[in-house]
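Subject: Structure for you to look at

Hello,

Please find the structure below. Have a look at it before you read on.

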Amino acid sequence: MPDPRFPARPPDAASHPPAGDAPAGIPASTPAPSAPVATPDPVEADAVARAQKGDHFAFAQLYSLHKRRIYTLCLRMVANTAEAEDLTQEAFLQLYRKIGTFSGDSAFSTWLHRMAINVVLMHLRKKGLPVSSLDEAMEPAADERPGRGFSAPDLNLAGSIDRLVLERAIATLPAGYRLIFILHDIKGYEHNEIASMLDCSLGNSKSQLHKARLKLRDALRAYPRQEDRR
Amino acid sequence: MTEEPDNLSCAAFQAQLPELIGSGVPLVFHPHIQSCECCRALLADLETIAEAARNLFPIEEPPDKLWKQIEAAIKSQKNCSDPC
């Protein structure tokens, strides 16, 4: 007989998506259209409070509210569905174990994302990424840094980025750059939220994002020349 | 002593770029951008990359089986921690 405390499917959160569920990248000079969870969501806050008291239905509700964003983050970081599922599972198991320690000092989504990011970074370390700290993950070796050359105007990328090429270029970014690029440009987090999640300074977040974009630009500019050689 | 915005070298301007971009202030009217074709092209490229990224990835849905796996793992943890 099924345990009534554990619903067979988590309650569908589709009718009540978390704030910022839509990807909200930020073009360099325009404000974010929707930053994730700027104010506490009363439905979420209630679910958190109940889950902290051991209400498994509330935990399932939190899973439904956040599963897409956590899974998408994991998938973008590891580019492998099986690994992304394992990492998502581990992130929510950690949430289950630690939800009692959530104090409400930060947004719940920020707290959960930070937990998921740590799970992903731990996984990358186990896979052999030479990362002993997040700072190192965010500051790749010299040969992985973006070039410093200025662009010639006739090489600018405007309107010419192929989706697959960009996906490939993002996948080749060093893990630290990739993480900040995904959090800011793809998932729409603000720098102050990223700094809080990653325990880094605001300036570091801005600088790493800039380097990630420069490195992508290098890769995208190099791509047509590689294609030409074929 | 800091350089005036319209007297910045490209290197000095680019050193400020992460902070300028991160501030969210439109840079199209920045004196250096107005006078420097290379940095204007660089900025356009970076904006294009950010815009392309925004439209790149849809939010992905994890498979339904994942909740069942999480649920089973939680039950397993509870059984381990419950006194026999």
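What follows is a short account of what was found in it.

This is a predicted model, in which local features need pLDDT of at least 70, side-chain atom pairs count only at pLDDT 80 or more, and totals for chains, interfaces and linings use all residues. Residues are numbered from 1 along each chain as its sequence is written, and chains are lettered from A and ligands numbered from 1 in the order in which they are written.

Chain B

Chain B has four helices and zero strands, in the order α-α-α-α along the sequence. Helices (H or I, at least four residues) and strands (E, at least two) are DSSP runs, numbered from the N terminus. Of the 84 residues in chain B, 33% are buried. A residue is buried if 20 or more other C-beta atoms lie within 10 Å of its own, exposed if 12 or fewer, and partly exposed in between, with C-beta atoms placed from the backbone.

Helix α3(B) covers residues 37–54. Its 18 residues should span 26 Å at 1.5 Å a residue, and the end C-alpha atoms are 26 Å apart, which agrees. The expected span is 1.5 Å times one less than the number of residues. Buried residues of α3(B) include B:L42, B:L46 and B:I49.

Where chain B meets chain A, 42 residues of chain B are in contact with 44 residues of chain A. Contact here means that the C-beta atoms of two residues, placed from the backbone, lie within 7 Å. Helices α1 (10–22), α3 and α4 (65–81) of chain B each supply at least two residues of this side, and α3(B) gives the largest share, 16 residues. The side of chain B that touches chain A has 27 nonpolar, four polar and 11 charged residues. Ala, Val, Leu, Ile, Met, Phe, Trp, Tyr, Cys and Pro count as nonpolar, Asp, Glu, Lys and Arg as charged, and the others, Gly among them, as polar.

Helix packing in chain A

Axes are lines fitted to C-alpha atoms, for helices over the stretch in contact, and angles run from 0 to 180 degrees between N-to-C directions. Angles under 35 degrees count as roughly parallel, over 145 as roughly antiparallel, 65 to 115 as roughly perpendicular and the rest as oblique. Residues of α2(A) in this contact include A:F59 and A:Y63, and those of α3(A) include A:L87 and A:A91. The contact divides into 12 nonpolar, two polar and two charged residues.

The axes of α3(A) and α4(A) (residues 108–126) come within 9 Å and cross at roughly 130 degrees, so α3(A) is oblique to α4(A). In α3(A), A:L87 and A:A91 are among the residues that meet α4(A). This contact has eight nonpolar, two polar and one charged residue.

Two loop residues and a helix

Most residues other than glycine have a negative phi. A:A79 has a positive phi of about 55 degrees although it is not a glycine. A:A79 lies in the loop between α2 (56–78) and α3 (81–98) of chain A and is partly exposed, with 14 other C-beta atoms within 10 Å.

A:D199 also has a positive phi, near 60 degrees. A:D199 is in the loop between α8 (191–198) and α9 (202–229) of chain A and is exposed, with 12 other C-beta atoms within 10 Å.

Regards
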